[in-house]
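Visitor: I would like a quick tour of this model. Please keep it brisk.

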Amino acid sequence: MTRSARHRRPIVTDQTLTVRDNRTGDEYELEITDGTVRASDLGKIGKTEDDPGIAVYDPGFTNTASTRSAVTFIDGEKGILEYRGYPIEQLAESSTFLEVAYLLIHGELPTKEQHDQWVHDITFHTFVHENLKSLMQGFRYDAHPMGMLLSSVGALSTFYPEARAIHDPDVRREQIVRMIAKMPTLGAWSFRHAQGKPYVYPDNELSYTENFLSMLFKMSEPKYDPDPRLAKALDVLLILHADHEQNCSTNAVRSVGSSQVDPYSAVSAGIAALYGPLHGGANEAVLRMLKRIGTKDKIPEFIEGVKNGDEKLMGFGHRVYKNYDPRAKIIKKACDDVFEVTGVNPLLEIAQELEKIALEDEYFVSRKLYPNVDFYSGLIYEALQFPPEMFTVLFAIGRTPGWLAQWLELVDDKEQKIARPKQVYTGDRTLEFVPAEQRWA
Ligand SMILES: CC(C)(COP(=O)(O)OP(=O)(O)OC[C@H]1O[C@@H](n2cnc3c(N)ncnc32)[C@H](O)[C@@H]1OP(=O)(O)O)[C@@H](O)C(=O)NCCC(=O)NCCS
């Protein structure tokens, strides 16, 4: 798994920052590397026997680089997203999810032989152990599919105990292939479970997304015949979700992975992070919002409410993108392809009109609020007959290669240590414990 250094950005190291500690008058010169100073260098400021030195307080890591990474590049101001240097638009237009997965994991596009072997290996590993199926069948009849997915991915670690050998490249590759291969199986079974339908085994004559559709929707027909336009749209959606640098779930994978646990456990931590509404749940909120608006003539009233601070325009705005989210543009196009098969989702008209009005309104323009990836994705998922609980499962399947690429980078990174942030302690100190019988007497 080598990666070419062809297009790497040079590391800039010849700059410094001078810091004056006004408590003592001492000055410190800190090295600036690639626009960052080392927190450990800050720790030398004011350090004495009694004082641990200056630390950085940054809940939510909003301005803390936790790693050096060569996987994904984002320029939020310009609306740029690149995987391993390739623009997302080109990958969505001309690549496939499995090729993108190869790119993310290996750092380079595959040759024809490498590609064919990769697709073969992933197809070969789509089945899961029957005991894992029994485990999934043990969930309550209405279990949330994300809860099932995160548990079953975690459970995979017990089926492949050799996965603990994380420093063995061959073992690592085997688990990576297994996980990318089995995620659609586990995701589809989680979906069927709540519907009381039998789990459908993989059909390895179909492509990755065709097989996924088959496991989701096949009933009594001997062979499921997926619509290639839907399979393609789903493939594009998976590509768009494949990585997004150090987001909450990727940080969870890295943080848990830093204890050198097996990759199944680390990825299940990522799925758990994605389960939360602040991470993977916005597209569902968009659907609810569009349904509530109901008709186009209600849009101006709704927009006024947003501007008055009554609520948010869901699917707009992003912590990183201060421009049109490049993924939103691609999804908008995929909508047309899907609706050609399924018929137009009536909410699309409202969404388009809402976007048009918002993009011309001073409130949204001045705050750089543009549609994000979730604005249109829920409409497609709904047209594909996915209930909202499944939206994040689809996200997790797409994100798996990204989590694994970041995990690989972590395992090989000599600078990485077990993740263990500092705290600023605000509680009591040196209280004297009084036994219960005396306190309650
Ligand atoms: C994504 C999001 C959490 C980013 O938040 P953030 O980077 O912390 O941005 P802020 O909350 O600081 O927003 C900056 C300003 O824009 C406003 N704003 C941000 N998103 C808004 C939205 N969707 N609708 C209306 N106003 C919004 C904020 O109220 C704030 O206004 P102010 O300066 O008058 O106080 C936020 O845009 C949001 O909640 N969007 C809707 C939910 C969503 O679509 N999430 C999916 C993200 S992929």
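Visitor: Is Asp-361 buried or exposed?
Guide: This is a predicted model, and its values are computed. Buried means under 20% relative accessible area. Asp-361 has 12% relative accessibility, so Asp-361 counts as buried.

Visitor: Which side chain does Asp-361 meet in a salt bridge?
Guide: The distance in this salt bridge is 2.8 Å, N to O. The partner is Lys-307.

Visitor: How many residues apart in sequence are the parts tied together by Lys-307 and Asp-361?
Guide: Lys-307 lies in helix α14, residues 299-307. Asp-361 lies in the loop between α16 (347-360) and α17 (362-366). The pair therefore ties together parts whose separation in sequence is 54 residues.

Visitor: How many salt bridges does the structure hold?
Guide: The pair Lys-307 and Asp-361 meets in a salt bridge. Lys-223 and Asp-203 meet in another salt bridge, at 2.6 Å, N to O. For the structure, the number of salt bridges is 25.

Visitor: Why does the pair Lys-223 and Asp-203 tie together parts that are apart in sequence, and how many residues apart are they?
Guide: Lys-223 lies in the loop between α8 and α9. Asp-203 lies in the loop between α7 (169-195) and α8. The pair therefore ties together parts whose separation in sequence is 20 residues.

Visitor: Lys-223 and Glu-205 also meet in a salt bridge; what is its N to O distance?
Guide: Lys-223 counts as partly exposed at 41% relative accessibility. Glu-205 is exposed, with a relative accessible area of 67%. Their side chains meet, N to O, at 3.0 Å.

Visitor: Is Asp-203 buried or exposed?
Guide: The cut-off for buried is under 20% relative accessible area. Asp-203 has 16% relative accessibility, so Asp-203 counts as buried.

Visitor: How many of the residues of α8 are buried?
Guide: The buried residues of α8 include Tyr-208, Thr-209 and Phe-212. What covers the buried residues includes α3, α4, α7, α9 and α19 (391-412). α8 is mostly covered, and its buried count is 8 of 10 residues.

Visitor: What is the volume of the second largest pocket?
Guide: α3 (97-106), α4 (112-124), α8 (208-217) and α9 (228-240) each supply at least two residues of its lining. The lining divides into 8 nonpolar, 8 polar and 4 charged residues. The volume of this pocket is about 300 Å³.

Visitor: Which lining residues are the closest to the centre of the second largest pocket?
Guide: This pocket is lined by 20 residues. The closest to its centre are Leu-98, Ser-207, Tyr-208, Thr-209 and Asp-235.

Visitor: Which side chain of opposite charge is nearest to Asp-235?
Guide: Asp-235 is found in helix α9. Not counting residues up to four places away in sequence, Asp-235 touches Ser-95, Thr-96, Phe-97 and Thr-209. Asp-235 is buried yet has no salt bridge. At 4.7 Å, the nearest side chain of opposite charge is Lys-232.

Notes. Residues numbered from 1 in each chain as written. Predicted model: local features only at pLDDT ≥ 70, side-chain atom pairs only at ≥ 80, totals over all residues. Heavy atoms only, no water. 1 Å grid on protein atoms, 1.4 Å probe; cavity = no way out; pocket = protein on both sides within 12 Å on 5 of 7 lines; lining within 4 Å. Points joined across faces, edges and corners; volume = space filled by probe spheres on them. Helix = DSSP H or I, 4+ residues; strand = E, 2+ residues; numbered from the N terminus. Nonpolar A, V, L, I, M, F, W, Y, C, P; charged D, E, K, R; others polar. Salt bridge = Lys/Arg side-chain N within 4 Å of Asp/Glu carboxyl O. Buried < 20%, exposed > 50% of the residue type's maximum accessible area, 1.4 Å probe, protein only. Lys, Arg positive; Asp, Glu negative; His and termini not counted. Contact = heavy atoms within 4.5 Å.
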